[in-house]
Structure formats: structure tokens, C-alpha cells
Amino acid sequence: LYGKVNAYYIVEFLKSPYVDQVINSVTYGVKMPRVGTETMTSLLVPLPPISEQARIVARLKCVLPAVQSYNTAYEKGGKLTTEFPIQLKKSILQYAVQGELVPQDPADEPASVLLEHIRAEKEQLIKAGKIKRDKHESVIFRRDNSYYEKVDGIERCIDDEIPFEIPESWEWCRLKSLTENITSGSRDWAKYYSTTGVAFLRMGNLSKNSFDLRLEHIQRVSIPSKAEGTRTSLQGGDLLFSITGDVGMLGLIPDGFEKAYINQHTAMIRFLPQMRNKYIPYLLLTDYAQKFYNANQHGIKNSFRLDSIGELLVSIPPEKELFRILQRISLVLSKIAIL
């Protein structure tokens, strides 16, 4: 066939879907796919005249770059379709925690009043013996256009830690100031795994870009009465937070959820009653929070210490504005969900 076959034509033929189909039919399910000589020599090749082969090759060289460009654009479009709602959601949440999602109302009591109520609420729980006092309690305040933090009676300027500007009526505080407790889950409970019993939530039940629980697969445990489980028994409003591997995955426990516990790779954040809403869970989904997680991971396996969670700086709006923010977020995210 010398002089009757254009080598470039054969090369393009071997790239065709027909050849792919033949090869896949003989290699499907094989651990180490290999095409035999007999398969290749048995291929049926449509062979036009040599002059037409040359015209086909010339046309392919002309159109294939355009096809490749279209394919690249198509792949980018698919990626954009997938990522755009996620990035838009993060932008909305970032605006929310910076005080830019809803207007401020001068009639609202400032956030300092909300924090005073929270501190008083926490003090009552401490006196009642329901929670322990923070050994290094943090109070953040403004003075001379700067932010200061008082811990153990010592004041220090924290201007270099403030991640973004907030409205005058807002305040900064550490996440731990808003919580009753932050703790990790139960260790070595694999020996209690069972097909029945109470729920045992793990990282696989948490979400990356939301705080919705993923409940398709729930591990259950049948724990003996001697096992210590009070510390990690979950309540409605508790926020779960992954502290190893993919740090910062979340899961918010809804009211009325079944009896459940968590494993050691997951932390539980229990908020004080006045902060048992979705504002902090939304804040923990922002790029700001993600940067904080990344900067505070330790070790080869990417672990995040419990005390690091409590050190996150949280922007707090006035109480009435906080609920306006939550209403606006709910409305906007419902629209993003249908994109």
C-alpha cells in the first residue's frame, strides 16, 4: 500500500471513537489493560483515495485546534457552573460578617450590650456549676482608634490581628467567649460499633461548604453504662467541627435530633443560649475563617487544637441587626441554591 496511505490519516483514524470502542471492548475489567497485535491488525479501516486522505488531514489540522479550544472552554464552563454558587455564597457570608449585607439602624442597641448580656449569662452558669470558668478570659475593647485585649489582667494591642473593618456599632470577641464548652469526641469507641444503638457522628457526616449534616451513612454504637459519654452527648444547636484531615468541616445539630455522640476527630462547640443561632456557623464558612484554620494547623496529618478554635476572632453585630442578617442570608442563599 506504499503511496496509497497517508500516515497522518492513519494516526487520526487511531484516535477515533471507533478505535476507542474496540480497545475498550477487549480491555474492560482487566487490571493491566493490553491490546494484542491481533486486535490492532484486525481493525477495519475506511480508506478513501490518497488525495482525499490528504484533504481530510489538512481539514483536521485546521479544525482540531478550534475543537480543542471549545473543549477547554466547555470544561472551564462546567467548572465555573460548579464553583460559582460556592464562591458567591462565600462572598455573601463575608459581606454579612463585615457588616455590609444589611444597613445599620442607629436605633439598635450596640453589640456591646449583647456581649454584656452574654457575659452575665455565662457568669450565672458558672455560679450554678454548669460550666467552668475560662482560666484566661478575654475581653476586647476599643481605645484611641485601636483594639486592645485584656487577658489575665494584662492589656495588649491587637490591631495586627484584626482581619477587617467592622461598623462602629459592632464588636470583636474571641469565639470561646460565646460558648459554654468546646470539646473533642470520644476515643476508642470503634469497639462499641453496632448495627443498632445511638448515633455516632464522624467526619463523614460533616459538610465542606455548608453546616448541613450528611446522614446517608450513620455509624451506631452500643455503649456500656460504664463508658464516659456525658461530655460528648450532643444537644440541638451544637456545632460539630472537624479537627483533623480536612479541618473546618461543619455540622449543625438540629433541635429534636436523636441521641448522638461524636468521635475524637470531631470537636463539639456548644454556644451560650443567646448565640444558639446560625450566625457563627455562617461565619465559620467564610474565607476568613478558612485562612485561620490553615494558619493554625499542626503536624503532618493536619490537626487543629481545641484551644485554637476558641481563639478565632468573631465580629459581633447588634442583636437586632444579627437577626436581620440571618433573614437576609436565608433569602439570598435560597436564590443561590436554584442557580
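Reader: Which residues lie nearest the centre of the largest pocket, and how many residues line it?

Author: In this predicted model, the largest pocket has a lining of 22 residues, and Lys 132, Thr 179, Glu 180, Asn 181 and Ile 182 lie nearest its centre. The space in this pocket amounts to about 700 Å³.

Reader: What makes a residue part of the lining of a pocket?

Author: A lining residue has an atom within 4 Å of a point of the pocket. Strand 5 (179–184) and helix 8 (306–310) each supply at least two residues of the lining of the largest pocket. Strand 5 gives the most, with 4 residues.

Reader: How many residues in the lining of the largest pocket are nonpolar, polar and charged?

Author: The lining of the largest pocket comprises 12 charged, 7 polar and 3 nonpolar residues. Asp, Glu, Lys and Arg count as charged.

Reader: What is the make-up of the lining of the second largest pocket by class?

Author: Its lining has 9 nonpolar, 4 polar and 3 charged residues. The second largest pocket holds about 250 Å³ of space and is lined by 16 residues, with Pro 85, Ile 86, Lys 89, Asn 209 and Leu 285 nearest its centre. Helix 4 (50–97), helix 7 and helix 9 (319–336) each supply at least two of the lining residues, and the largest share, 5 residues, comes from helix 4.

Reader: Which residues of helix 7 are buried, and why are they said to lie on the same side?

Author: In helix 7 (residues 287–295), the buried residues are Tyr 288, Ala 289, Phe 292 and Tyr 293. They are placed on the same side of helix 7 because they cover an arc of only 140° around the axis. The face turned away from this buried side carries Lys 291 and Ala 295, which are exposed; the term exposed requires a relative accessible area over 50%.

Reader: Why is Asn 205 called buried?

Author: The relative accessible area of Asn 205 is 2%, and buried means under 20%, so Asn 205 is classed as buried. Asn 205 is placed in the loop between strand 7 (198–201) and strand 8 (219–221).

Reader: How do you know that the side chain of Asn 205 makes a polar contact with His 217?

Author: The side chain of Asn 205 reaches the backbone oxygen of His 217 at 2.9 Å. A polar contact requires a pair of N or O atoms within 3.5 Å, so the pair meets this distance limit. Leaving aside neighbours within four places in sequence, Asn 205 is also in contact with other residues, among them Phe 200, Asp 212 and Ile 218.

How values were computed:
Residues numbered from 1 in each chain as written. Predicted model: local features only at pLDDT ≥ 70, side-chain atom pairs only at ≥ 80, totals over all residues. Heavy atoms only, no water. Buried < 20%, exposed > 50% of the residue type's maximum accessible area, 1.4 Å probe, protein only. Polar contact = N/O pair within 3.5 Å; in protein donor to acceptor, adjacent residues only side chain to side chain. Contact = heavy atoms within 4.5 Å. Arc of directions from axis to C-beta. 1 Å grid on protein atoms, 1.4 Å probe; cavity = no way out; pocket = protein on both sides within 12 Å on 5 of 7 lines; lining within 4 Å. Points joined across faces, edges and corners; volume = space filled by probe spheres on them.
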